[in-house]
Amino acid sequence: MRKSWDGLFDSGSLSDDSYRDNVRIEPIFQAFLCPLTKKVMKDPVTIENGQTFEREAIENWFRDCTDNGRRPACPLTQKELKSTDVNPSIALRNAIEEWIKRNEVAQLEKSRRTLTSESPDIELLQTLSYITQICENGRSNMHVGYIAELIPMIIDMLKSGSRKMRVQAFETLCAIAKESDANKEAIAAGETIRTIVKILSHEHSEETKEAVSLLYELSKSRSLCEKIGGVSGTILLLVGMASTKLENTITLEKTLKTLENLDKCEENVKQMAENGRLQPLLTRLLEGSPEIQLTMASYLGDLVLSNDVKVHVAKTAGSTLVDLMKSESKPAREAALMAFNQISTNETSAEILIQAGILPPLVKDLFAVGINQLPTRLKEVSATVLSNLVSSGVGFDSILLDQDHRTLVSEDIVHNLLHLISNTGPAIECKLLQVLVGLTSSSTSIKNIVAAFKSSGATISLIQFLEAPQREVRMASVKLLGNISPHMGTELANALRSTAGQLGCLISIIAENNGITEEQADAVGLLSNLLEDYYLTKQLLDEGAFKVMVSNVVSIRQGATRGGRFVNPFLEGLVRALSRFTYILDDNPDAIALAREHNLAALFADLLQINGLDNVLVASAHALRNLSKQSQHLTRMPVVVEPRSCFPIFSCCLSKQPVVSGLCRVHHGSCSVKDSFCLLEGRAVEQLVACLDHTNVKVVEAALAALCTLLDDEVDIEQGVTVLDEAEGIKPILEILRENHTEILRQQAVWAVERILRKQVIAYEISGDRNVRTALVEAFRHGDSRTRQIAEQALKHVDKEGREV
């Protein structure tokens with residue numbers, strides 16, 4: 001049933017009586033009013049005595065009579081009735097209908113005149129309110145022509161400077177839109193939707209509520225959904241409103257329903273996904289036809305997704321996309337690949353895709369040849385996706401690719417990767433090299449990869465990529481070689497020495513002066529792993545590599561080089577490489593000259609002051625040990641002039657042996673930190689002693705080894721002990737002996753303590769320390785043959801002083 005027509009004409013329907021009187025061409029006839037409700041009747045009926053009432057009103061009257069135990073009676077005459085039957089008064093109803101139509105026409109005509117003239121706001125608001133009532137009472141379809149003529153006028157009211165006017169105009173248009181699709185089309189013509197969108201961005205809640213209500217009504221027309229979505233900013237605003245906790249729950253509900261209506265258009269689905277509302281796209285991807293799935297997967301490949309969304313998509317649609325990858329349709333495989341290219345860049349989402357079974361079809365497509373192979377541009381995408389997956393760190397040695405139980409680290413699969421790398425363009429080369437970087441970054445799979453590299457003889461071809469003009473390819477190659485260098489050091493060193501250009505490329509990378517890059521850190525890290533090879537180290541010396549490295553270290557220490565997140569690994573690699581350089585000092589004048597020129601002993605002593613970089617401390621201490629071992633050969637011994645005698649037979653004429661001052665106590669020559677690398681002159685002893693308390697045993701081992709050079713047979717051991725004592729180094733050495741952390745430390749400490757105990761004063765002081773004696777006994781019982789011999793000698797020193805006490 002439609003709402004009562006009386007609302008248009010009863011005494012309280014409009015706030016201004018003069019407005020109604022001006023537009024009403026006929027008065028309300030008394031016969032049109034129900035005696036019970038005093039309102040215009042919509043379904044008049046006649047009772048037994050001929051009186052006419054509104055059907056609903058008289059039926060309620062009769063029901064009340066029965067409920068109260070009274071016989072039915074006429075409400076007007078109060079006379080009892082024999083029957084409660086009623087007869088429709090068709091003629092009266094038609095008359096009322098005609099009267100209403102005539103008055104509606106008059107009022108609509110008045111509305112047209114009001115809206116086209118500069119009427120007061122109160123009249124305009126009354127007019128809009130009346131039109132709204134016409135529509136809400138379901139009577140607008142009787143005046144289609146008038147309503148169609150009024151729509152553009154009402155739309156113009158949306159531009160009013162009065163917010164109240166705009167709100168009422170929205171309400172009226174919403175009521176009109178509800179009546180028919182034709183009305184919706186008429187309202188949506190022109191710039192109306194754009195106007196609605198502008199108002200959506202306003203903060204006034206009432207206006208926003210009415211704007212959303214109108215947009216919701218328009219979105220019910222399927223033909224308008226594309227037009228609504230085509231207006232810039234519409235879907236962005238709606239998605240934003242839907243994701244915000246709006247205070248008005250009705251507005252929020254209509255916003256969500258509007259989006260549900262709009263997602264009937266595929267282009268709108270794409271826009272929603274781009275603006276963060278992904279569920280409509282995923283629903284179609286999961287439930288749609290193959291054609292729709294392909295379209296949605298293509299859309300997914302075009303999106304830029306946050307990490308959380310990537311994980312959600314992988315969980316929701318990963319299996320569906322894998323199924324598309326397995327299909328025979330190349331467009332479907334392409335769409336799935338492009339989607340995977342977006343989703344796989346997050347570690348968590350990559351793991352989910354691997355669990356969903358992406359690897360077998362992906363590797364199959366990557367290696368496919370012949371009629372089923374993908375074009376090169378898609379092979380590049382496949383390689384990119386595989387690189388992303390490998391970067392997740394999943395253990396690929398247990399994930400089967402086929403019925404032959406092959407995995408990504410199986411020998412023939414690695415051979416296929418190497419073959420593809422050697423026979424494709426730079427883009428795919430780069431991604432497949434990154435795949436190998438990922439696989440060799442895993443401790444569980446690197447042995448398999450290295451074995452496959454060795455069996456394929458790929459060392460030379462991998463090294464050749466160091467000269468690639470594409471920076472990304474070169475970076476991947478450097479990183480890959482760095483990963484395998486601890487396992488293929490000899491092969492890589494031999495290859496670098498025997499090929500032209502590649503070693504120079506690494507040096508050039510290290511020498512770049514545009515801020516420290518990841519490539520530089522990787523390049524120097526690679527070289528530092530290979531410099532156990534004497535000939536490669538010597539070749540680097542000849543090519544000036546170590547000069548470049550020293551310059552970089554000094555620049556970093558002085559703050560002249562811009563840092564960044566790669567400064568620490570770069571510095572660590574430089575120091576490790578320079579430390580390896582000190583192993584070729586023996587009988588190598590060029591190496592000695594370079595160490596003197598750049599004052600390497602002072603540089604390494606300075607590096608011992610760095611906190612937080614344990615590998616730098618270890619490498620620096622090892623370098624100081626090697627440099628200190630050269631001191632005994634490089635110290636300049638004093639030239640003693642033979643005294644001349646007056647006459648050899650007279651002893652009184654003989655002069656005394658001249659005393660030379662300023663000599664090194666340990667080396668008995670003229671020492672300097674720069675020329676002879678003396679630890680005493682370089683004030684490195686104190687820095688090394690400080691390292692003996694370090695929590696990292698590798699640092700302690702290296703520092704103790706360097707200090708032990710002051711106790712070698714070729715130097716003055718007693719003075720070396722004195723130097724250690726003055727630097728407060730004896731106590732931590734004894735502590736190392738007692739703690740017995742590692743076998744290497746025990747051997748070093750036993751050797752050092754035996755030398756220390758040769759000085760009688762020190763031995764006397766230590767003889768009373770039972771813990772030292774116990775530690776020496778333990779070394780004698782559990783050490784190797786050499787350690788037992790040294791511990792036995794040390795115990796003799798202790799026992800001798802103990803007996804004398």
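In helix α34 (residues 600-607), the buried residues are Leu600, Ala601, Leu603, Phe604, Ala605 and Leu607, where buried means under 20% relative accessible area, exposed over 50%, and partly exposed in between, computed with a 1.4 Å probe on protein chains only. Helices here are DSSP runs of H or I with at least four residues, strands are runs of E with at least two, and both are numbered from the N terminus. Because 6 of its 8 residues are buried, α34 is largely enclosed by the rest of the structure. Its buried residues pack against α31 (545-557), α32, α33, α35 and α36 (684-691), a contact being heavy atoms within 4.5 Å.

The model is predicted: local features need pLDDT of at least 70 and side-chain atom pairs count only at pLDDT 80 or more, whereas totals for chains, interfaces and linings use all residues. Residues are numbered from 1 along each chain as its sequence is written, and side-chain values use heavy atoms, with hydrogens and water left out. The pLDDT is the predictor's confidence in each residue, from 0 to 100. Its mean for the protein is 88, and 92% of the residues reach 70 or more. Over residues 1-23 the pLDDT is below 50, and this stretch has 54 contacts in the model beyond near neighbours in sequence.

The largest nonpolar core holds 195 residues, of which Leu300, Phe453, Met549 and Phe581 touch the most other members. A nonpolar core is a set of buried Ala, Val, Leu, Ile, Met, Phe, Trp, Tyr and Cys residues joined through side-chain atoms within 4.5 Å. Helix α35 (residues 614-634) supplies the largest share of this core, with 9 residues. A second, separate core has 49 residues, including Ile147, Leu214, Val231 and Met272. In soluble globular proteins, nonpolar side chains tend to be buried together. Leaving aside residues up to four places away in sequence, Leu300 touches Leu281, Leu285, Leu305, Val313, Leu321, Ala339, Gln342 and Ile343.

Leu285 is also among the contacts of threonine 320, which touches Leu285, Leu286 and Gln293 when residues up to four places away are not counted. Threonine 320 lies in helix α17 (residues 307-326) and is buried, with a relative accessible area of 14%. Alanine 523, in helix α29, is buried at 0% relative accessibility. Beyond its neighbours within four places in sequence, alanine 523 is in contact with Val478, Leu506, Ile509 and Ile510. The C-alpha atoms of alanine 523 and isoleucine 510 are separated by 6.7 Å, although the two residues are 13 apart along the chain.

Aspartate 533 is placed in the loop between α29 (518-530) and α30 (534-542). With a relative accessible area of 17%, aspartate 533 is buried. Its side chain reaches the backbone nitrogen of tyrosine 535 at 3.2 Å; a polar contact is a pair of N or O atoms within 3.5 Å, where within protein one must be able to donate a hydrogen and the other to accept it, and residues adjacent in sequence count only if both atoms are side-chain atoms. Aspartate 533 also touches Ala493, Asn494 and Arg497, not counting residues up to four places away in sequence.

Two residues of the loop between α32 (567-581) and α33 (589-597) were examined. Tyrosine 583 lies in this loop and is partly exposed, at 34% relative accessibility. Tyrosine 583 touches His622, Arg625 and Asn626, not counting residues up to four places away in sequence, and its C-alpha atom is separated by 8.7 Å from that of leucine 627, 44 residues along the chain. Aspartate 587, placed in the loop between α32 and α33, is exposed, with a relative accessible area of 80%. Aspartate 587 has a positive phi of about 55 degrees although it is not a glycine. Most residues other than glycine have a negative phi.

An open sheet of 3 strands has the order β2-β1-β3 with antiparallel pairing, two strands being paired if DSSP finds at least two bridges between them. The edge strands, each pairing on one side only, are β2 (52-54) and β3 (87-88). Strand β1 (residues 44-46) is joined to β3 by 2 bridges, and threonine 46 has asparagine 87 in β3 as its bridge partner. Helix α3 (residues 55-67) packs on the sheet, touching β1, β2 and β3, and its direction makes about 95 degrees with that of β2; axes are lines fitted to C-alpha atoms, for helices over the stretch in contact, and angles run from 0 to 180 degrees between N-to-C directions.
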